[in-house]
Amino acid sequence: MNGPHDIGGMHGFGPVDPGANAAPYHSGAEGWEERAMAITIAAGAGGHWTIDESRFARENRSPSEYHSLSYFQIWLAGLRSLLQTKGLVTSEEFATGHAGNTATTPAGRCLTAEDVPATLKRGGPVDRPPGDVRPALAPGDRVRTRNLQPRGHIRLPAYARDKEGWIVAVQGYHVFADTSAKGDRDTAHWLYTVGFRAGTLWGDAAEHPADEVTIDVWEPYLDRL
Amino acid sequence: MPHDHHDHDHDHGSELDDMTARVMALETLLTEKGIVQPAALDAIIETYETQVGPRRGAEVVARAWTDPDFRDWLEKDATAAIASMDYTGRQGEHMMAVFNTPERHNMVVCTLCSCYPWAVLGLPPVWYKSTPYRARAVREPRAVLAEFGVTLPEGQSVRVWDSTAEMRYLVVPMRPEGTEAMTREQLIDLVTRDSMIGTGLPLSPGASA
């Protein structure tokens with residue numbers, strides 16, 4: 001998706017201001033932001049959606065909306081989309097603020113306080129057994145990223161499309177974000193770190209042409225040169 | 001973005017109150033629906049406030065500085081090496097450690113969202129998730145570093161790692177000069193969070209709190 005989140009290289013956002021933004025939450029907003037963080041993680045632990053479905057839910061909105069929301073407001077908007085799409089909460093329930101029918105989550109799929117340490121410690125590994133599938137590319141191989149512009153979820157940033165680079169590392173056989181964003185938890189491909197010269201990405205505007213940028217991409221995003 | 005500036009014309013306080021009310025209402029609804037439990041939310045917040053934070057990453061770095069076998073392991077298989085210290089978990093499932101050298105400075109960003117190695121650094125700072133950092137780190141890393149007060153020596157190149165999949169990156173900064181006599185415990189205090197993202201450098205001996 002050529003979405004509002006894909007901002008690598010975009011101009012106009014101003015300075016970073018690290019001193020004023022050093023904490024995980026905005027000053028004065030800690031209370032609701034940390035609660036929003038926890039609600040999102042707890043609801044996600046129910047296993048109703050994949051991490052890529054949650055990213056797509058946050059990003060699949062108009063640029064004007066995305067860029068008018070703060071970080072955790074985007075999380076809340078994404079969560080609301082997921083809850084409705086998955087049929088867990090109806091628009092009427094959102095409007096009234098109360099459950100209109102019985103609980104939607106079967107017992108055991110609602111994260112308890114006792115399960116929090118183990119759940120956070122376990123995380124959600126995305127590597128899968130590759131079976132007979134061998135990586136087609138090896139470190140040092142020259143590659144070109146494909147000019148992929150699907151309407152759906154993809155993790156190839158716009159700034160790195162159709163660009164020549166090289167394989168820095170083979171990272172593993174990982175669940176494919178493009179299909180995982182549709183709820184498919186099994187489809188996987190070899191994941192590579194690909195390096196680019198800054199001069200390749202930014203042309204004459206490169207700050208320092210010999211500097212490098214890497215991205216992590218799956219085999220279907222790449223052609224060998 | 002409005003949250004990054006204070007020039008929007010509606011009252012800041014009422015916006016926060018509104019958000020507080022909306023999040024409380026969501027929590028109430030999702031609790032009624034059996035989707036979340038308030039005690040679990042408290043436990044999640046508590047975990048990232050008191051347990052999972054950049055002290056973990058600093059311990060990994062200080063060990064890499066003082067234990068050559070561990071350093072090699074961290075370079076070959078960071079996920080396993082870090083797991084041996086029990087620092088596994090959410091947003092740290094697949095780790096890669098990248099080592100600064102006199103020839104190369106490493107820096108980490110997630111241009112598409114906010115991917116960050118929670119298991120070793122805790123929750124990301126606001127600036128890491130902000131649009132200025134996400135947009136500019138890949139295009140003008142040296143200008144961004146200057147805003148953090150970092151100027152790299154002549155001849156040191158920059159490699160920016162854009163975390164576009166589930167790999168999470170930990171920068172291992174160079175051990176500061178003058179620290180030869182320091183213990184691992186003392187070294188931990190020199191390793192700042194930003195030095196493990198690549199937007200800062202470790203503290204000099206005597207500069208730590």
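Predicted model: local features only at pLDDT ≥ 70, side-chain atom pairs only at ≥ 80, totals over all residues.
**Entry 1: B:Val191**

Leaving aside neighbours within four places in sequence, B:Val191 touches B:Ala58, B:Val61, B:Trp65 and B:Met196. I then asked where B:Val191 is placed. B:Val191 is in the loop between helix H10 (184–188) and helix H11 (193–197) of chain B. Is B:Val191 buried or exposed? B:Val191 has a relative accessible area of 8%, so I noted this residue as buried. I also took one distance from here. B:Val191 and B:Ala143 are 48 residues apart in sequence, and their C-alpha atoms are 23 Å apart in space.

**Entry 2: B:Glu140**

Next I went to another loop of chain B. B:Glu140 is in the loop between helix H8 (131–136) and helix H9 (141–147). The relative accessible area of B:Glu140 is 27%, so I wrote down partly exposed. From B:Glu140 I took a distance to B:Val120, which is 20 residues away along the chain. Their C-alpha atoms are separated by 26 Å.

**Entry 3: Two positive phi values**

I looked for backbone angles that stand out. Most residues other than glycine have a negative phi. A:Asp17 has a positive phi, near 55 degrees. A:Asp17 is found in the segment before H1 of chain A. With 42% relative accessibility, A:Asp17 counts as partly exposed.

B:Gln91 also came up. Its phi is near 55 degrees, a positive value in a residue other than glycine. B:Gln91 is in the loop between helix H5 (78–83) and strand E1 (95–99) of chain B. Is B:Gln91 buried or exposed? At 7% relative accessibility, B:Gln91 counts as buried.

**Entry 4: Chain A as a whole**

I stepped back to chain A. How many helices and strands does chain A have? I noted 8 helices and 5 strands. Along the sequence, the pattern reads α-α-α-α-α-α-β-β-α-β-α-β-β. The C-alpha atoms of chain A fill a box of roughly 55 × 50 × 35 Å along the principal axes. Chain A has 225 residues, and 51% of them are buried. I also checked how far contacts reach along the sequence. Among contacts of chain A with a separation of 6 or more, 67% join residues 24 or more positions apart.

**Entry 5: H2(A) against H4(A)**

I picked out helix H2 (residues 51–59) and helix H4 (residues 71–85) of chain A. They pack at an angle of about 115 degrees, and their axes are 8 Å apart. H2(A) and H4(A) are therefore roughly perpendicular to each other. The crossing of H2(A) with H4(A) is right-handed. Which residues make the contact? On H2(A) I found A:Glu53, A:Ser54, A:Ala57 and A:Arg58. On H4(A) I found A:Ile74, A:Trp75, A:Gly78, A:Ser81 and A:Leu82. Sorted by class, the contact of H2(A) with H4(A) holds 4 nonpolar, 3 polar and 2 charged residues.

**Entry 6: H1(A) against H4(A)**

H4(A) also packs with H1(A), so I turned to the angle, which is about 35 degrees, with the axes 10 Å apart. The crossing of H1(A) and H4(A) is left-handed. H1(A) brings A:Trp32, A:Glu33, A:Ala36, A:Met37, A:Ile39, A:Thr40 and A:Ala43 to the contact. H4(A) meets them with A:Phe72, A:Gln73, A:Trp75, A:Leu76 and A:Leu79. By class I noted 9 nonpolar, 2 polar and 1 charged residues for H1(A) with H4(A). A:Trp75 is listed in the contact with H1(A), and A:Trp75 is also listed in the contact with H2(A).

**Entry 7: A:Glu59**

I came back to H2 of chain A for A:Glu59, which is placed in that helix. A:Glu59 is a buried residue, with a relative accessible area of 3%. What does A:Glu59 touch, apart from neighbours within four places in sequence? In chain A I listed A:Met1, A:Pro4, A:His5, A:His153 and A:Arg155. In chain B I listed B:Leu112 and B:Cys113.

**Entry 8: The largest nonpolar core**

Last, I looked up the largest nonpolar core, which has 121 residues. B:Leu74 and B:Tyr133 have the most contacts inside this core. The largest share of the core, 8 residues, comes from helix H1 (residues 30–44) of chain A. I then listed what B:Leu74 touches, leaving aside neighbours within four places in sequence. The list is B:Val60, B:Ala64, B:Ala81, B:Ile82, B:Ala97, B:Phe99 and B:Val172.

Conventions:
Residues numbered from 1 in each chain as written. Chains lettered and ligands numbered in written order. Heavy atoms only, no water. Axes fitted to C-alpha atoms, helices over the stretch in contact; angles between N-to-C directions. Helix = DSSP H or I, 4+ residues; strand = E, 2+ residues; numbered from the N terminus. Parallel < 35°, antiparallel > 145°, perpendicular 65-115°, else oblique. Left-handed = near helix turned anticlockwise from the far one by under 90°. Contact = heavy atoms within 4.5 Å. Nonpolar A, V, L, I, M, F, W, Y, C, P; charged D, E, K, R; others polar. Core = buried A, V, L, I, M, F, W, Y, C linked by side-chain atoms within 4.5 Å. Buried < 20%, exposed > 50% of the residue type's maximum accessible area, 1.4 Å probe, protein only.
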